[in-house]
Amino acid sequence: MDVQVIFSILFVIFALIMIGAGVISKKWVSDASDYILAGREVSLLINIMGVAAIGFAGTTVSLAPGYSVLYGIKGSLTWGIIYSALGLIFYGLVFSKFIRVNGAQTLPEYLEMRYDSKVRNVVATGTIIGLCGILANNIMSVVGIVSGFVGWSQGVVLAIIFAIILAFTYISGLWAATITDFFQVSVGIIVVPLFLTMAVKKYGGIEFLQSHWGGANVFTEGITGGSMEIMSLQYPSALTFILLFGAALVWGNNYYWMKIASCRNEKIAKRSFAIAGVLLITVFMIPLAFIGAYAGAVMPESFTLGGGKMLPTAAYGVFASLFPPFISSFFIIGSVAASISTASTAAIGASSTATRDIYQRMINPKADAKTTLRASKIIMLLVGILTWALCYFPGGPTYLFAFANAWLVPPAVLLCFGAIWPKFNSNGALWGVLVGMLTMAALTLTELLGIFSVGKWTHLAIIGFVVTVIVGVIASGMKPSKYYGQADWNFKVNKGKREKVTLNETDISVLELIRNGHKYMADITDALGVDSKTSNSSIEKLDRGGYIERAGLIGSKFYEFNVTEKSKDVLPQLDKKEAEMNEDGLNKLYVGLLKTADESSKNVGQYIKDQKWKSLKVSSVTSHLTRQGYIIEKGLFKRKIVVTQKGREAIKKYA
């Protein structure tokens, strides 16, 4: 059977599965928080697959084999391990609890909590453009692979890929992307190791690679003797990889933030990123490096380095064409899955920022849940239009990636400074991010127009990082910090000054939640169903007034609170039973939920409906009860509550 026919059949099956996932998960989407955050219900296994799906991207399928052809297996693994270890694993280990407990649904939303609304506006705009660039980059990667393999027009392939991505993400948002990620990584886990295994059986092992590498060392040199630099300021090098594929692509990227924010709890977020990083290295990065080496050893004359027409980044598809039609088509479907998984997540990342940080704040702040959900879907289509335009960005994927990074390096700097440096203020953040973004955008433009090429000396990411840090630090020193960054402030109530403040209804609600044991910002924001701007404003007022005390000023402790003795002066009095429940982190509604779940998990949904709890309110309650040890959250996709022995004892005591 002709390879085009075989590939077409597999491609149609793949597309139907993707769209089917959106249809199946549609019933799980009741509001915008479900659409862009999956209701914070994502389990450990699903997030492992989701994070791995982002890593197993069209960029990975292009770069990992391509770097082997250019710089040998070591060069490819340098890139793959830096991205997986210093990007994903480090990000998960260091930032997971901080991101999950601060409650912000998006990175720009957090930046308003830490700095101000101007910083949020600038970063939100830049994030949308940057993520659309990454989305376009992944789409163009798969378009090049598919059109080169079966000979279809790139315009036709582009339209088909867009239709698939927008179809299932439009229907169900992050829930659809989550389910399809699971499927796509499952395909990749089979395809990539199988590809390498068949290459070894067909051509032989290390001896074959070394003997056909043109006299160079297959591990340390490319087919023409090139080697990967370590500390060079020019791209590619280990140093630029750390900044590009660690700081910019991961730390400053909204969809990696969302992958943590959507988890059921901080432990799941931390473990999922660590396991996903290891999975990427062992199952994808190492095999793809060797696949690239086989492509360079078997057909060096096909690449531009050897006098051919194909770029090294096409090594995966070029080498796949040497196998039988069905097998080669299956290999290419694996690369399509890789690109679409990352592209769909980037689409959600961009649309969530546009919805949460722009529409709900600046266009229609009074919109109800249904209106916001409709707006989210319309915004998804608008993101698709912008991305389509970026697919024709001059210079192709290489310049497109540089363009995208111009908007992601500065937010990474603000995230790090905000987490560890209380004195760093909104003035430094605003001018640092603004000048950093504009500098890189301008340098990208001058290179495209042939006016000036900074790449001869260093990479855009280096420039953006240095400019953001220097301008940010200088500008921060020109204005006073927030109250908690002042020299005379101590987060301990009995060791520092406090102010006289007037509390409103929202402030009292926040204080009641903290008294009830909801000590993390995420639980408070989710329980109130508000933007983090609102809950953070109350927290700062309560902190300045001495009604609460933070656990610390750095990292996740900054968003962990306890009530003080002074809170008793303003909080409603509790009767004896209520006070006893409160001491145990419970109230009547929580005990009712425990009792319902213990009697029959099937009735939990109806109990939640009766209480009129939205999805994030449910997340607030279940996260709290899980930390208290009353329940365990199970379920692969949807949350299933299992009452523990401690929970049963509470039911007997209070129900």
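**View 1. Y235 and its ring partner F241 in the predicted model**. Y235 is partly exposed because its relative accessibility is 32%, the class between buried (under 20% relative accessible area) and exposed (over 50%), for a 1.4 Å probe and protein chains only. F241, at 0% relative accessibility, is buried. The ring centres of Y235 and F241 lie 5.9 Å apart with planes at 80°, so the pair is edge-to-face. Rings of Phe, Tyr and Trp (its six-membered ring) pair with centres within 6.5 Å; planes under 30 degrees apart are stacked, over 60 edge-to-face and the rest tilted.

**View 2. The aromatic pair F323 and F331**. This pair is edge-to-face, with 5.8 Å from centre to centre and 80° between the planes. F323 is buried at a relative accessible area of 7%, and F331 is buried at 0% relative accessibility.

**View 3. A cluster of aromatic rings**. Ring pairs join F98, Y110, W257, Y483, Y484, W489, F558 and Y559. The whole structure holds 38 aromatic pairs.

View 4. S476 is buried, at 6% relative accessibility. Beyond its neighbours within four places in sequence, S476 is in contact with K423, F424, N425 and G428, where contact means heavy atoms within 4.5 Å.

**Notes.** Residues are numbered from 1 along each chain as its sequence is written. In this predicted model, local features need pLDDT of at least 70 and side-chain atom pairs count only at pLDDT 80 or more, while totals for chains, interfaces and linings use all residues; side-chain values use heavy atoms, without hydrogens and water.
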